[in-house]
Structure formats: structure tokens, C-alpha cells
Protein chains: 4
Amino acid sequence: MLIVMKHDATEEQMGKVLAHLKTRGFQAEKLIGSERTAIGIMGNRGFVDLDEVTRFEGVREILHVSKPYKLVSREWRPDPTIVDMGFGVKIGGDLPRVVIGGPCCVENEEMLIETARELKKVGVHALRGGAFKPRTSPYSFQGLGVPALHMLRKVGDEYQMPIVTELLHIHQLDALNQYADVIQIGARNMQNFEMLVEVGKSKKPVLLKRGMSATVEEFLLAAEYILSNGNSKVILCERGIRTFETSTRNTLDLNSVALMNDLSHLPILVDPSHGTGVARLVARLAKGSLAVGAHGLMIEVHPNPSKAFSDGAQSLDLSQIRQLMSEMKTQFQTPSSK
Amino acid sequence: MLIVMKHDATEEQMGKVLAHLKTRGFQAEKLIGSERTAIGIMGNRGFVDLDEVTRFEGVREILHVSKPYKLVSREWRPDPTIVDMGFGVKIGGDLPRVVIGGPCCVENEEMLIETARELKKVGVHALRGGAFKPRTSPYSFQGLGVPALHMLRKVGDEYQMPIVTELLHIHQLDALNQYADVIQIGARNMQNFEMLVEVGKSKKPVLLKRGMSATVEEFLLAAEYILSNGNSKVILCERGIRTFETSTRNTLDLNSVALMNDLSHLPILVDPSHGTGVARLVARLAKGSLAVGAHGLMIEVHPNPSKAFSDGAQSLDLSQIRQLMSEMKTQFQTPSSK
Amino acid sequence: MLIVMKHDATEEQMGKVLAHLKTRGFQAEKLIGSERTAIGIMGNRGFVDLDEVTRFEGVREILHVSKPYKLVSREWRPDPTIVDMGFGVKIGGDLPRVVIGGPCCVENEEMLIETARELKKVGVHALRGGAFKPRTSPYSFQGLGVPALHMLRKVGDEYQMPIVTELLHIHQLDALNQYADVIQIGARNMQNFEMLVEVGKSKKPVLLKRGMSATVEEFLLAAEYILSNGNSKVILCERGIRTFETSTRNTLDLNSVALMNDLSHLPILVDPSHGTGVARLVARLAKGSLAVGAHGLMIEVHPNPSKAFSDGAQSLDLSQIRQLMSEMKTQFQTPSSK
Amino acid sequence: MLIVMKHDATEEQMGKVLAHLKTRGFQAEKLIGSERTAIGIMGNRGFVDLDEVTRFEGVREILHVSKPYKLVSREWRPDPTIVDMGFGVKIGGDLPRVVIGGPCCVENEEMLIETARELKKVGVHALRGGAFKPRTSPYSFQGLGVPALHMLRKVGDEYQMPIVTELLHIHQLDALNQYADVIQIGARNMQNFEMLVEVGKSKKPVLLKRGMSATVEEFLLAAEYILSNGNSKVILCERGIRTFETSTRNTLDLNSVALMNDLSHLPILVDPSHGTGVARLVARLAKGSLAVGAHGLMIEVHPNPSKAFSDGAQSLDLSQIRQLMSEMKTQFQTPSSK
């Protein structure tokens, strides 16, 4: 960490900063430049939170040198993490790419079976479906709850597909540990730290979605929460960020996919359904995501999107996912470039 | 709601949309323009979620006419809501402005007493303090927990100040119902819908902070969740949004304060501490907030910010809050302009 | 256009709006819903600017039905535009993809020749290079000026590559009309309307870069300026937008590439060099851009990036572009998907 | 400047960086931490552009210590700059606040006289009006041009008010030097560097508007361009930035007003008309801006906004500006706080 002093900072001001650092237990060193002096904190291990120093007279700003995460970082753990989702489906490194498909929320058993049967047939690897739904408006459908978990388990077992479903509240964790293969943390819960701690103690793989206004650094820190509690089976999922552009629901940040592949050893999924919010754009962004190096995709599929209870505008129907899977076939085996 | 067709949409395409609307139970009407046709849905009450219609051939886009909220809206309830925070402190309408002060998190009883005594003396109306802290990094201090609630209650009673403290997880709600006067929902939980439902069933006033990437519409919808569950004692709190500008921690959106005063009858607070993230900017933005029409302020105060466990960079010390309260004195009685 | 009235708007208020519309020459119609009334303006051709109506008592908001552009729109002109850049290089529709490469700015003739020779050899189609450079800081290198144009022309002729160079100020237009094959309008000039008008009168193809905070609609409107002045040889270029994410220089918006392919018949380039700002990410985003359906790429290449006068951090060196061209080979012939 | 190496960077990699720095003429020093090494560049004067170093093996990132501006900085020039706008109107420091009012664009002489007469009467200090208008759509009114300058001069002389008008293109500079008292650089030209250089050579005061996606640092750098060319009569103008929030036209960034008052000695205006885009919000944000410490305001006023050629939705009418001026009276004398 570097504490940059104002060019006219006095010796006395500098002395107070140095004394404060000493009481906090840090070893500091003055770096005298031609225009100003900086104070380097040299002996710290990892990230140091010393923002209160900005209050001292004569201090201009603080520059952080160490990133505040470590376990998720490729710098410290160069080998790629491979996450086993169950039923032989593995994701990460140079393994073939993985596609997770299914409806935004489970509406009934029939539609789930119809979807799973077709997805299995066209080569989709895992089945997603929401049991509990977070909705922006209090007047919208909120999900079937636990019965949906039973349906997902039954259908997953029948079609030999791992089940991915979202943990909306901590008290549902036991149920998910019992019924799901992969626990999804939604974008709105990316910084629900108690939840991160709890899934960190679970043995299930965790699919962590990026918050819609989270930086890459905050996203990796959220993953760090999970790893630091003992669970290193984390899959990162880019799903679009919020920007000034409103002609698509979100702005899919494919830069972040390439960047996170450099910064972290964890596998990276892209969700082009939420990333665009528009069904007719999904296929193109799916192919773009694989070309950028994503290890897999998560795509909303519904047998009859115009009757979907939610996300109808962005879901593919069964013929659209069939076509997309066929178009992407050659991309699946390409080792993810770096 | 208005469904805008492409200029070359066929009669058959239009017919399919109309048929779909009929099966969904809506009454529709064709509006024939010189360049294109639109379909108006005329008889609906409130917001209609028909986004799946964008999938139909010949449809260009959907325009929503009704806002998706109603109970929070001044259009439907013109009189201002006055929220009674306890100990005679009321906020809203043309009442004198209210200031809530206190540390980011309760560190121990001594610092809390020292802070409350001084705040009371300089005219601050209510005491805030965190018992449970959400932290971006897993390696930071996470709060004292329930013992901090006991301290807050004791100190609030002694100095006759209502206690405002954050609900981090639903399972803490009983404790907050017992010890707090006002329940704060933090920015990260603004769309934690289960939490909104639960505090909607509480009898306590709720201080709802705007999510850092939430639009004004989403913010008002979150408040609608609480009101629609029976609790209309909601205070809105603007605390800065995330933008491309990083020279301050957030971008305080004072436009939204004036706008929400027009759109909603609920009282509006501003938190210039999080809104700027920089102690030396807080006083100026506090005065600006009142001038824009905020009904009150929430300000972080710490007896020794450079030793604070968190948010030291943005907290005022006791002499700074004393000076600010004195400078704002003339602003307190001004009726909030519209 | 739709003027939405407040639910309690009076007949008199509605009457005043209708009278105003009549004086402005518009034909209006009342649309009576169950909760509120709207006023539709039915007979207009194209976009109507009536924002002053928001000032009338009883008016809640205005919804625009027609988009404010037409000539660039695929709805009105379904066939793709093919732009001939010279030397047989054509871009657009289902033609093979085109790559434009070269240094951020021309530093001297030797480096330009070295670059062009290698680019030609590896299959790059056109040569870019800045003669005039806009720089954020007044203390940075500002470009060689007209002599750089001479070098570009000479080298372009020698290697049979069309020359793409930026018009920084209108008074340089004559020189560019004389020396360049394609005139580039930089992101900062996307809304320099006088410049758009002038290149609209030129006969040269125009490569128009998206402003870093321009919406897709504003971008297409800027292109509309050029087309409406008589020049339809416009190539759109996505080069990243400004968001809260600062770990890359910009956020490359590949959603916009797919979306604009639907909305407009114009060819679309992507500039992954500015879009990421980081050389080691460029190749992956280049491949992703083609997979999303871009008609071509613009990539910064420098024979010795660590000695480049500008943009050294994001330029590929000659061996990197060679490898990328070889990796993308199979993508070139794929018809751009929709 | 600090070059941060990866934790496993080799001696050889470090050596190459040090060698490169030597050839570039910089004096470097190794700072050995417990987890990684950094290289400090100690002897530079001012900002150093060495981004190409990120390309070297073993380098993780670069941290800039010096800000890239100096002349505009309060750190180097602590005394406030006072700008004399003419007719005795001065702005800056602790002088009484200044209000500039007038129409978006000059439509004819009658409306200009009517506006100026009323503005003078209610205490507005200076008159603004556009002669040349940048318009997003090619189909909108583009301004009267030079005749509008004549009208502005005549009316300004008659009512003894300085004239503020926008320079849209460099070739208009002679005319503005002749007819205007203050030259306005619009948001879209904030990084039109040739224009900045030219007004830097003018003797007229310059009102520089912040670009809608410019950071505070970029804004101050744009001002630095003007000062470094010899003109230090620069007034900064905050006019709202582009964010994800679209319920107002822009997000007025009052944080930046307080921050720039600390960072720079230049006077700061706020334009709440563009900052909100909504007439009924303007008065409240105007008062908020003064409370935050702005040295003045620029407000759009039109005698009949619902007939305005442009910006009708955000202009105050004559009775609204009269009321606002009366409400702000007590704020005018307050020394701008810091």
C-alpha cells in the first residue's frame, strides 16, 4: 500500500501518519520523489484496510498494491479448477464446454419433463430451473417452492442431468443440499455475505452470478468468501452489467470473461439470456461467449416462451436451442484460448 | 400498454397478437397511424407484464403506460406520509428536518455513549449504529451482533433517541423488532424480496436504502413491496449510485430526491456519508440535500474516525458534526420545497 | 407519439393539450383507459419532438413510438449495405469478414512500411494509421499531421491496401478526401454534427465510431446525419462504452453488434483494441466479435509496441497479429449470423 | 509512478523493466515487499505515460501517483481564481454567487429582449443564448447563426449584461471573440483538443462544460489544456453525467462540485437545466447547487417554453425564474463553504 502525501506536506504531518501506522502494527518506509513524498507499507501480507489514513492532514490519496483476494487468484494457484457438477459433467480448464439449459422457473412437471427430454436429446449437459423466484414487482409470480425441487430432482435423475437451482434464502439451503447438484447464487445475492459463508461450508458446487453493478474485483472477492470457508467448487457466471445503454436488458461484459480467465483459475460461465434480455440475440452472444473463452453457457429454454410465467421475452424455445446446439458443435472442443 | 408493430406487419401477424391478448384476458384496440399500427391494451388495472409479446412476428416493441407501482405514488395518495420514529421524532411533509447520526458499527459501549451524548447535545434526533455488518471482503470486521443491539437500546433509552439499525438477515428480525425503533434495509438488500415482505408485516418504521444500481422506479417498487404487505411507515434513503466516476465512492443522486418528492408521498432521507465516501465532502452535500428538499439526513459519526473499525474515511468526528448541525440550523425549519 | 395524462387530469387540462397540438399541426386522438387517458398523435410521419408538452398541467409523461431515424434502418431498407473501401476490399452482408490493422499513429515511414508489409502478408485487408491525434493530456504527442497522410497514401498504394485515417477537424477534410480511402470519425466526434454533415457530402466511405457514452439509438442517429446528407457508404464501429467497470479501459458492448445488425443494414466493425485497452485480451475479443456477427475488425498493430508513441498497452505486435489472423481464418467465410 | 510486479516475477523480468525505464530516461528504484516487488519511478516531474510497461513479462499493473494536471490544481495554486465576465460581473472565491440565464437558442430579437429585460429586473447577472446549436437529430432546428450573435451583443449592451454563447466550431472563434463576453465550450466539445488550444490563446473567459461521460480528472485535464495555452480565465460547469438512471435526462453530480472546489482554484458553475432535463426540478437543484458550494448557476429561461424551438421541457418561464431568484436571495452572499 502506498500513502501519497501532498507536495507541501510537512515533516510533522508525515510524522503523524508514520506514528499511526506504527500503532496499527505496520512497517512503513518513506519514498522521497522530486515533487512529493509517498509512504510505502512494505511488510504486509495481503490486503490492508487503512482508509482512515485519508483523514490525516497532508495526505492526498491511498493506492492499493495488493489485490484484496488471493485464493481465487491464478497468480497464487496457476492450475485451472475443474468443477464436477455430477452425472459426469465437468467444467473448467480445457475440458469441452458445458451448456446448462432450462426454464427460468419450474411451472409444472409436464413442462419440465418436456424441456429436459429435448435438452438431453440435443446435447445440453445440465438442467436449470427456479423453485423460488425473486421478482422486482410484488405483484408477479413468485415460484412453486419446495415441490419444484422434488420435480427437478426426479427429472434430473431420469434424464441423468445435474440440477442447477437458485438459493434465494439461507433457510432453503438444507433443501438445496438435499435436492440440487449445483447451488446457484443469484446476482442480487452476490454480496449476501452470510449466504456466501454458508455455501462455503456446503459440499455442493456453487454457481455464483455476478451482481449487476459489481466490478470484476468485487465479483472475485465474493468468490473468495466461498473459497475461504472451505468450498473451492465455484463456477463464476457473467450475466450482464447495468450501464447507460437500455436497448438491451443488460450489457453483457465479455471483456470480463477474458480478463477473469487471466486473473482466476475458476471456470467461467456466461448467461446470454439475462445478458441480453432478448431471445433473438441469445444465440449470437452464446457463440461469442465461447469464442472469447467461456467454459460454458447457461441459457433459458422454455417449451412455449409466449406462455412462460417469467422471462418469456428472453427464453429460447425447443427448436431454437436445438439449432443453436448444432451451430455451436465445433466450438465445444476448442480449448479455451488465453 | 402499447404494442408497436413494424411498419410492414401483416394483418395475419396482427391477428395472432390480438388472439394471444384475448387468451390472456385483455381487451385490445388497434390504433392505425400513417406509418405503422399499434395495439393498445385499454382496460387493464395497473401494470401488465406481457413482455412475451415481443416474440411475436411483426412486433417491434412494447411501451408501458402505467407505472408498476401504486401505493407509494403521490398520484394516488397526494398527502405526505409522516413517519413516527419514536421519542417524538417525526419525519415527512413540512415537518422540521430530521438528522440521524452515529457510527457505522457499534464497537463497544463506551464509544456509543460518548457519541450519543454529544449527538444529543448538538441536536441530532436519532442514533444509528450497526450490529451486523456486511463487508465486501471476508477478511474484515463483521460486527458485534446481538450484544450491540442491547447497547443501542440502553443508550437510546438513556438519551431519548430512537435507534436505527440494519436488518442484515431475516432471522434477525425478531431481535430488531424487540430492540430497534427503526429497521434499516441496506442497499444490498433493497431487492431482497422476502425481507421486504417480512418487514412489511412488522409494525416498525422501515428505513429503505436505494440499491447502488437501482433506478428510481425499482426503488419505489421495493417500497411498494413493503406497503403492499401492510406497513406504510417507510422512509426512502438516497445513498449514492454507482457510475463511471470513481473519484468519489458513489455519485449522490440529488435529482432523485426532488423527483421522488414529486412521485411519492413517502419521506426521503439522504446519506451523504456513503453518498460521497469522503469525510471532508459530507457537510457540503448534507446542506445541498436539505436545499433540494430532503426531509432528513443520515450521517456517520465516530468519536475517533481514524481508529474506526470501518468507514473511517467517511465518518465525521464529534467536532465536525457539531459544526455542521450549527451551520444547518436555518435549513431545518424551511418547509421542503416542491 | 403518446401523451399519457395523470389519472386525475381534468377535461380542461386535456383540452389545453389538444389545442396546443392543433396549433402545432398534429392530429390527435383520445385513448380512454380504465385508469387514465392518453392522447395519441396518429398522423405524423417520422419522429415528432414535442417534449414541451411535459410542461402542461395534467400530463404525466410522453412515450415515443417512432424511432427518430429512418434511412439507416433495416425496417425501411431490408437489404444489407455493402461498402467498397477500395482496392477490391468490400465489407457488409454475407461477404467475407474484413480486418483493418495498423498503428494508432504514424510515427515515421519506416515503421509504417514494416507494418504494412507484414499485415499484407498475413492477410489483413486495410491499413489504418493516425495522422492527427486527439490526446487527453496537453502534454502528449499530437501526431505528424499532413506528412503522415503522404506516407499512408504511398504505402497503401505500394501494398494495395485501402487507407483508413481519422478526420479530427473539418478543415482537414480536403486533405483526407485527397489521400485517404476511408474517412474515420472518432468516438469523440460522433456527435460533431457539422462534421457529420460535411462527410455526408463527401464521396468517401465513412467509418463512424460509437461515442463512449452514446446509446445505440444516438449512434444510429449520428449515422442518419451522414446518410441524410447523401453519403450512404457508412461503416459502424463499436469500440467499447464507458461503464462503472474500470478493470478494462472500456466495456466492449457486443450486445450492440447483434442488435445493430437487426436494426440497421449498415456494416458493423468492432475495435477490440480500444474496446479492451489491454493487448493480451484483444485476440479473444476479436474472435468473439466475429462470432457475434461483426462484419469486420479494426485492430491496432505496432512493430514495437513498447516503444509506441501512444496506445502501446493495447497494440498487438507483428507476431501476435500473425497468430490471430491464422486463428480466425475459419471465421472469415462464415456468413454473419442473424 | 509505481510498477507492481507479479509475486513470482523473476529477477530477469525485473531487469528488463529496469533496462527499459533507463532507455526512457527514468530513474527507478526497487521496493521489495513481503509478497511482491514494486518498481518506483522517483525523479519524474509531473505525469509519466509509461503504459507500454504493462506489456512486459512479470508486470501486474501500474499505479499512477502524480495527477496528470497541475496548472488547474489548488495544490499548486492555492488562491481562488476570480474570472471577470464583463460589465462588472465577477465569479469565484467568496464573491457573491452569479446567475447566468437565457434561452437555449436565440429564436428572434423580440424574445431575446423580452427575456433580457425580465432577467435584468429579477437580478440575473449574465445572458446566455445559443447562436449555433448542436442537435442529436439531423431533422431538428440548428440555430440562427451569426445574426443571433448580433442580437446578443445588442441586447447585452442595452441591458448591461455579459453575453455567454457557445463556440460550436473553431471557425466561429473570430466571431465569438468579437461579439461574446464569455465563450462557452459545450459538453460534446470538452475533449475537442484543437478547440481547447485555440480558446487557450483567446483573451476571453471560457465557460467549459463537463462532458457527459467525463471523469472529474478528465474534466480538469481539459481545463489544463486551456490554461497551458495561456488563458487562465476558465469557469468549470457541471451539467450532469450519463448513468443508468433515465428518469431524469442526466444525473447532476453535485459531489463533483464539492470535490472540484477542493482540487482546483477555478470557479464552478452548475447547470441544473441540463442536469435534470425537467423544468419542475430545476429550482430545487439550483438551490442545492449553491448549498454545496457552487460559485454560480446557468439556467435556461424562455418567455414561452411550450413554444421553444428546443429544450422547452427544461426551461423556466419568466415567472418561475423570478420566484427562484427571490428564493435564492439569502444564498447569494454566503461564502462558498469548503
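**Exercise 1. Find the domains of chain A and say how far apart their centres are.**

Start with the bounds: chain A has domain 1 (2–63) and domain 2 (83–333), taken from an automatic or database domain assignment. Next, go by C-alpha atoms: the centres of domain 1 of chain A and domain 2 of chain A are separated by 44 Å.

A quick note on the model: it is predicted, so local features need pLDDT of at least 70 and side-chain atom pairs count only at pLDDT 80 or more, while totals for chains, interfaces and linings use all residues. Residues are numbered from 1 along each chain as its sequence is written, and chains are lettered from A and ligands numbered from 1 in the order in which they are written.

**Exercise 2. Work out how H5(D) and H6(D) pack.**

First, locate helix H5 (residues 193–201) and helix H6 (residues 216–228) of chain D; helices are DSSP runs (H or I, at least four residues), numbered from the N terminus.

Then take the geometry: the axes lie 7 Å apart, at an angle of about 40°. Axes are lines fitted to C-alpha atoms over the stretch in contact, and angles run from 0 to 180 degrees between N-to-C directions. H5(D) and H6(D) are therefore oblique to each other, since angles under 35 degrees count as roughly parallel, over 145 as roughly antiparallel, 65 to 115 as roughly perpendicular and the rest as oblique.

Finally, list who touches whom (C-beta atoms, placed from the backbone, within 7 Å). D:Phe193, D:Leu196, D:Val197, D:Val199 and D:Gly200 of H5(D) meet D:Ala222, D:Tyr225, D:Ile226 and D:Ser228 of H6(D).

**Exercise 3. Describe the side of chain A that touches chain C.**

Count first: 29 residues come from chain A and 29 residues from chain C. Now go by helix: H6 (216–228), H7 (254–263) and H9 (279–292) of chain A each supply at least two residues. H9(A) gives the largest share, eight residues.

Methods: Contact = placed C-beta atoms within 7 Å.
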